[in-house]
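User: I would like to learn how to read the features of a protein model. Please take me through this one.
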Amino acid sequence: MMQLFWLLLFLLPSWTFSLPNNVTEDLHWGAYRPGLYFGVRPRLPQSLMTGFMWFGTQNYQSFAKPRHACDQGDGLDSYTWTTFDSRQGGIQVLEDSQNNIVITTEFLKVPGGQYGGSWAARIKGKPIQPAYPSRISAIFYLGLEGLGGVDLITDEEENGIDGPIEFSGSTPGLGDFTMRIVDGDDNQAVTSGLHSEIFADRLGKSHFLGVRVNPGQVWTAKDFILQSILKHAGPISEKYREADSLPDPSFLLQLPDETITASNLFAVQKFFDGEFQFDVIFNSASSHSELDSATIDLGIPVLISSFNERFETRFPTPDSFAVSDYEALKSFSKEITSNLLGGIGYFYGTSIVDKGFAFEWDQEDDYDETETQDGQHGAKFTEPRALLTATPSRSFFPRGFYWDEGFHLLHIGQWDNDLSLEILQDWINLIDENGWVAREQILGEEARSRVPPEFQTQVPTFANPPTLTMAVTAFIERLVAQSDGPSAADLGMDFAMGAEQVPLSGSTGPTGKGEVYLSYNEGLDFLRSIYVPLKRHYDWFRRTQRGQIKQYGRKARSRTEAYRWRGRSETHVLTSGMDDYPRGPPHAGELHLDLISWMGFFTRTMRGIAEFIGKAEDAESFGEIERAIIENIDDLHWSEDAQMYCDVGINLDDESEHVCHKGYLSLFPLMLSLLPPDSSHLLPILDLLHDPDHLWSSYGIRSLSASHPEFGRGENYWKGPIWVQMNYMILSSLYKTYAAVEGPHQEYAKQIYTELRENVVENVFKEYERTGYVWEQYDALTGEGRRSHPFTGWTSLVTLIISEKY
């Protein structure tokens with residue numbers, strides 16, 4: 001447990017530090033640059049940023065393939081946090097067979113003082129195949145944005161530095177600090193070979209660079225570093241142009257050992273031949289402690305022990321899975337959880353927003369949104385904003401996504417409740433005065449550098465599935481389980497449609513770090529603090545995404561509850577999250593089943609919050625809307641002919657008709673537990689789900705029926721591939737509602753749940769063992785991992801499926 005971690009730190013010799021006096025101090029520093037293989041920064045808009053990069057020196061060609069930003073094109077065999085706790089630190093393993101090296105980064109945080117405490121990192125490597133050369137150049141850099149300064153205080157030498165290298169600095173947000181880079185005792189470099197006598201004075205030493213970069217450009221450190229190496233090596237290499245053999249790459253590809261006045265970006269370069277180790281130690285003057293290499297020696301085993309004990313409690317792995325290696329399954333579950341936590345990043349910067357854009361079929365909307373237009377047309381930069389967020393994929397999507405974040409927070413919240421609320425609060429803070437929040441948070445130039453230009457601009461009438469409501473609902477469930485406040489049934493959030501409440505797991509009260517807001521009064525205060533902006537967001541959805549009923553003579557019990565995604569194109573509905581899933585032609589009169597289902601869930605969540613914080617009139621109003629939505633899902637979207645739920649479109653005769661494509665879309669009323677367990681529509685939906693000719697597979701539920709004419713065609717993003725978060729939603733609804741509540745199809749739901757859970761877990765685990773990664777999606781016919789990897793955003797929900805934390 002985390003209490004053990006801090007207790008053991010107290011027992012380590014010569015350490016004196018104060019424990020944090022608030023809930024966030026031990027979250028101040030982190031590996032908050034998830035788009036890099038390793039990078040540490042604080043949660044401050046402009047401050048110190050660090051990063052690590054390496055390249056092989058077994059040949060000159062490897063210099064063209066430096067490893068810095070996570071990139072699928074680098075071809076790493078795997079990179080995974082095997083242990084990670086956002087309040088303590090973590091351990092990451094990166095396997096790079098192209099350079100015959102496995103690198104481990106160990107990161108340890110010690111809070112205390114006024115500025116978030118101190119931290120230490122150990123970077124070490126060893127050959128994958130000891131019989132073959134394993135030679136790399138490792139570079140660690142630190143850069144400062146904003147006010148303050150940093151200096152190299154170790155004496156500079158024109159041929160490099162022997163021994164530790166130390167920097168000192170000071171900023172308003174960090175106070176005074178030092179950073180030391182210290183070699184391990186047994187490091188070796190290439191010091192002999194052709195022409196070695198010419199370079200003897202520079203071999204086996206650390207080389208350095210200090211440059212001044214413009215504001216907002218520290219994130220481009222790699223470019224400055226590599227250009228400096230080339231500039232240094234160029235004139236020297238000319239001397240060997242006509243020679244039969246060049247010097248060893250490590251003799252030439254060196255930093256120039258130069259700094260300039262007022263440098264704000266420093267880099268330290270080391271060369272290794274074989275196994276190596278070096279430490280980076282950041283000491284905050286205010287923490288009154290002095291970390292050193294012994295901190296890592298003693299602290300990392302404590303971190304591992306603490307993490308393992310906490311994990312066993314939070315996410316127990318049952319021994320019922322039919323896997324050949326139970327311990328490997330447990331390690332897999334730990335690693336994908338660690339990767340999710342290690343993928344949390346802190347971002348700050350401007351966004352690009354176009355307030356005047358609309359597709360043709362969206363231009364006839366009659367809602368009053370003049371306050372969002374401001375007479376502006378064309379893309380413009382916003383004021384800078386800050387965001388702490390998990391990221392879907394460190395290699396491909398290293399930024400915040402609204403659609404993904406609610407799923408991320410389900411997992412994070414089970415591990416560390418208060419961390420999930422810190423992230424949720426940052427997202428809530430992004431809701432603007434009209435109630436809109438951008439579906440992609442592309443904050444600053446570093447984030448934009450990873451996004452194609454056509455996807456950078458956000459539009460204030462475009463929505464995304466409101467998954468943050470799932471995080472709020474999960475928090476309320478945890479709060480109810482661990483306090484003496486109203487029950488889930490009292491709040492109408494037991495999702496059993498008035499039947500017997502499903503028992504919620506949990507202890508009888510808050511027990512440790514990350515659980516301050518699980519005390520009733522603290523949790524109540526948090527819900528009160530988010531209620532007004534979340535309601536503004538809810539009202540924005542109802543105002544801007546509403547659909548038409550009376551215009552096409554549609555019959556429904558409610559004349560208001562119908563919804564349509566804005567921002568779709570002819571072939572894609574990106575705003576729905578299911579980009580290329582088959583839909584009808586774009587039309588102002590179409591209605592979208594998934595969106596009305598999301599609005600039903602959103603309304604239920606708002607009702608639960610209102611009940612909890614004592615807003616009785618609001619709760620009654622939300623209850624009426626919820627009932628109207630559920631009725632209209634049946635009235636507008638159920639097709640008797642197709643025996644399924646469908647979108648609604650407009651045909652060539654300008655008449656309303658169902659647009660039915662068997663797939664995830666058809667399941668939304670079930671996935672969000674909006675369908676009563678005794679509904680006559682439940683059995684056809686369960687049959688569709690369980691039919692191998694349509695959605696059922698040995699690897700999970702397919703996104704589109706295998707019998708659909710578009711199955712596996714075109715872009716094939718949502719036309720068959722299996723998505724873990726959608727399977728999680730199905731499993732959650734079965735577990736908490738349809739398999740748990742007495743009804744005519746309870747046993748059938750139990751059977752489907754048991755089989756589907758085994759299929760999903762076993763396939764994702766099998767592919768992880770085979771490839772070293774978890775994937776964005778899985779092939780509908782073979783179960784093989786597809787597209788982005790590692791994708792330890794919502795694919796990490798497999799840990800919750802294993803431990804049945806829904």
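User: How many strands does the open sheet with antiparallel pairing have, and in what order?

Analyst: Strands (E, at least two residues) and helices (H or I, at least four) are DSSP runs, numbered from the N terminus, and two strands pair if DSSP finds at least two bridges between them. Here eight strands form an open sheet in the order S4-S5-S6-S7-S15-S11-S10-S9, with antiparallel pairing. Strand S4 (78–85) and strand S9 (149–152) are at the edges with a single partner strand each, so one side of each has no neighbour in the sheet. From one strand to the next the twist averages 10°. This is a predicted model, in which local features need pLDDT of at least 70 and side-chain atom pairs count only at pLDDT 80 or more, while totals for chains, interfaces and linings use all residues. Residues are numbered from 1 along each chain as its sequence is written, and side-chain values use heavy atoms, with hydrogens and water left out.

User: Over how many bridges do S7 and S15 pair, and which helix packs on the sheet?

Analyst: Strand S7 (residues 118–126) and strand S15 (residues 276–284) pair over seven bridges in the antiparallel sense. Trp-119 stands opposite Phe-282 in S15. Helix H4 (residues 293–314) packs on the sheet and touches S4, strand S5 (89–96), strand S6 (101–110), S7 and S15. Contact means heavy atoms within 4.5 Å. The direction of H4 makes about 90° with that of S6; axes are lines fitted to C-alpha atoms, for helices over the stretch in contact, and angles run from 0 to 180 degrees between N-to-C directions.

User: Which side chains meet Lys-124 in a salt bridge?

Analyst: A salt bridge is a side-chain nitrogen of Lys or Arg within 4 Å of a carboxyl oxygen of Asp or Glu. The structure holds 37 salt bridges. In one of them, Glu-106 meets Lys-124 at 3.1 Å, N to O. Glu-106 lies in strand S6 and Lys-124 in strand S7, so the pair ties together parts that are 18 residues apart in sequence.

User: How do I read the packing of H16 and H17?

Analyst: Start with the angle and the distance between axes. Helix H16 (residues 724–738) and helix H17 (residues 746–771) pack at about 150°, with axes 9 Å apart. The two are therefore roughly antiparallel, a label for angles over 145 degrees; under 35 is roughly parallel, 65 to 115 roughly perpendicular and the rest oblique. H16 passes H17 in a left-handed crossing, meaning that the near helix is turned anticlockwise from the far one by less than a right angle; clockwise would be right-handed. The contact includes Leu-731 and Tyr-735 of H16, and Tyr-753 and Leu-756 of H17.

User: What is the angle for H11 and H12?

Analyst: Helix H11 (residues 520–544) and helix H12 (residues 593–613) cross at roughly 145°, and their axes come within 9 Å. This crossing is left-handed too. Among the residues that meet are Tyr-531 and Phe-541 in H11, and Phe-602 and Met-606 in H12.

User: Where should I look for backbone exceptions?

Analyst: Most residues other than glycine have a negative phi, and most peptide bonds are trans. Asp-257 has a positive phi, near 60°, and lies in the loop between helix H3 (249–252) and strand S13 (258–259). A cis peptide bond joins His-789 and Pro-790, with omega about -5°. Pro-790 is in the loop between strand S28 (785–786) and helix H18 (798–803).
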